[in-house]
Amino acid sequence: MTDAAATRLKKRHAAETRFRMYGRVAIIVALSFLVLLLGRIGMQGYSTFTTHTLSLPVYLDPARIDRTYLEGSNYDSLVAQALLKQLGETDDESYTVSGQVMDLISRDLGFQILNRIKADPALIGRTITVTGPVKADADLYYKGQLKRSTDQADRKLNDRQLAWLDRLKKSGAVTGGFNVGFFTHGDSTEPEQAGILGAIVGSAMMLLVTALIAVPMGVLAAVWLEEFAPKNRWTDVIEVNINNLAAVPSIVYGLLGLAVFINWFGAPRGAPLTGGMVLALMALPTVIIATRSALKAVPPSIREAALGVGASRTQTVFHHVLPQAMPGVMTGTILSLAHALGETAPLLMIGMIAFNPGLPESFTGSASVLPVQVFIWENASERAFHERTAAAIVVLLVFMIAMNAAAVILRRRFERRW
Amino acid sequence: MVTSMTLQPPLIRTAAPHSHNPAAVEPSKIVIRDVNVFYGAKQALDSVSIDIPGRSVTAFIGPSGCGKSTFLRCINRMNDTIPGCRVEGAIEIDGADVNDKTVDPVVLRAKVGMVFQKPNPFPKSIFENVAYGPRIHGIASSKSELEGIVEASLKKAGLWAEVSDRLNAPGTSLSGGQQQRLVIARAIAVNPEIILMDEPCSALDPIATARIEELIDDLRQQFCIVIVTHSMAQAARVSQRTAFFHMGRLIEAGPTEEIFTNPRESRTQDYITGRIG
């Protein structure tokens, strides 16, 4: 070998090594950002999945409950009295102390008493035990996020309240545990009572609408374009525009939904039906593109085989080509639905940002969805909502990962080899 | 378009007067006159005329790109599926023009089966592969009748003994040669009169090829077979008649023996002796 050739060879090897190193560095950088992102969300959100609850015996004083008008009585004051008794404190004339103890526990306890009395009026005059969440700030103190070392003026609870909390915890009245309420409640103005279930149900309803519209329409459009449409200028124009539509910013679909579905067709504002229709429009190009590429990947020999035995073109497509393309179609569809699940901007345009306590009632009623719930909580002023924001993101990510995993599994299961 | 009443005599005499090949006794099954095929502006076939007898094997030979496969695909109108492909001229099977407006290509393709270069069984079971054709054409009225058709077709294709115990196995699990016989069984199952084979052995090893060739020889008792092949030895072994194509034209057609031993055209001579191709 000549010297020149040896030098060239060495250079070539060096270039190859360099290129591999660049690749590794890129992957490492990308992965570390991913870990950072997920880690931060997880760190911030995991504490939401546990919470602290207070069990309190409350004497239902017949003198303070109006039997003829149960809703009219002040149950919060009954709870406050019970809590003062538990703590061994007495109230002053201006109710400062009872006001301070009520800052520690959820209003939920009062509602629980009302509901139990309504169900069984015989309870009046007896002592019952109610269990409910402590106030979000108290929960944050138990979790160590609200620190005693902070200056008293800069934190929501004063030293006296913190001392009460310590005593309650020590006495066993307050216990920590899994935050069931977060998964069984709808949204609330009180962070300790706010849950994600309303948004999960809303997202599921909306996604159902999206899937029912986008999947049949998208798949059939793709089948027609790929298998039946003549290849001429018009179909070229259609193809280019479908590809362009896939790249249109999602907020534009929101504007379209607002202008066409709501203002023109009179679709309900902020409803899963309307949201699903808007997201279906958004998912449609992606479904079409994914289906077309899956159809393209089916070898032409299968079409020839079917046509050769005298199948019509429709039979060829629906008996042989489409079943063959199904894994690809399903993967593309699920991924586009997962994308739709995480979409926020177009839903804000169609008024899905309203505060919705409780669970969505119908497809045409107002509802929250997961990403919008994240958005709403993130904008809330109370610190405990920010913790819930991260937890809602975790829930959203879990759904996304589940959908992507489903796509992979379906692909593996239905993939046929030849 | 030339109608059946004004058919012109073939440009090339397909049967030499002095030949006494038995295949010539068979009446013509397919009569083709002045067929031109265009892919867009490009002309792939230039006024091809030929008579193809029934119950015998006719081989189309010629170098790559000479139009023999295109011509084969005209007979069952598979070219319809190619965008921009245009076919002119008369292609008649038993006197009926296949390109007539009243002819449904679906019915035509049931009558004219096709076997492709690469074995292309459906990714379904062996049974389903054969049963698909009879099912979509409504040939079998009951399940047992369908099973009978599948068995008979597999037997005719010489595959029954090898697959009778695993009819539910995927068709794609068979070897290449078995797959090609499965595909032939699939074509036979819809009772075709003509079977077109487009280089059926080019993806197979010599042993599988020999089996297919034996099968073709059996099948010609019942079907009109047209086979496109690159192998001149194969054409010589299996066919009774041979047609030589070159540059989109039919150069010469006649009894196989004559084409290979005493061609009239110098280009045929050059091709079979390996000087062009």
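Analyst: Happy to. One definition to begin: two strands pair if DSSP finds at least two bridges between them. Please keep in mind that this is a predicted model.

User: What makes strand 6 and strand 7 of chain B a pair?

Analyst: The cut-off is at least two bridges, and strand 6 and strand 7 (residues 194-198) of chain B are joined over four bridges. They therefore count as paired, and the sense is parallel. Across this pairing, B:V112 stands opposite B:I194, while B:M114 faces B:L196.

User: What makes both faces of strand 6 of chain B covered?

Analyst: A residue is buried if 20 or more other C-beta atoms lie within 10 Å of its own. B:V112 and B:M114 on one side are buried, and so are B:G113 and B:V115 on the other. With buried residues on either side, both faces of strand 6 are covered.

User: Where does chain B touch chain A?

Analyst: Strand 6 returns here: along with helix 2 (105-111), helix 3 (126-137) and helix 6 of chain B, it supplies at least two residues of the side that touches chain A. In total, 22 residues of chain B are in contact with 17 residues of chain A. The chain B side divides into 13 nonpolar, six polar and three charged residues.

User: And chain A itself: how do you know that it is more spread out than a compact globule?

Analyst: Its radius of gyration is 30 Å, whereas the globule rule gives 22 Å for 418 residues; the value is well over the rule, so chain A is more spread out than a compact globule. The C-alpha atoms of chain A fill a box of roughly 95 × 70 × 40 Å along the principal axes. Chain A has 16 helices and three strands, and buried residues make up 38% of its 418 residues.

Conventions
Residues are numbered from 1 along each chain as its sequence is written. Chains are lettered from A and ligands numbered from 1 in the order in which they are written. This is a predicted model: local features need pLDDT of at least 70, side-chain atom pairs count only at pLDDT 80 or more; totals for chains, interfaces and linings use all residues. The radius of gyration is taken over C-alpha atoms; the globule rule is 2.2 Å times the number of residues to the power 0.38. A residue is buried if 20 or more other C-beta atoms lie within 10 Å of its own, exposed if 12 or fewer, and partly exposed in between; C-beta atoms are placed from the backbone. Two residues are in contact if their C-beta atoms, placed from the backbone, lie within 7 Å. Ala, Val, Leu, Ile, Met, Phe, Trp, Tyr, Cys and Pro count as nonpolar, Asp, Glu, Lys and Arg as charged, and the others, Gly among them, as polar.
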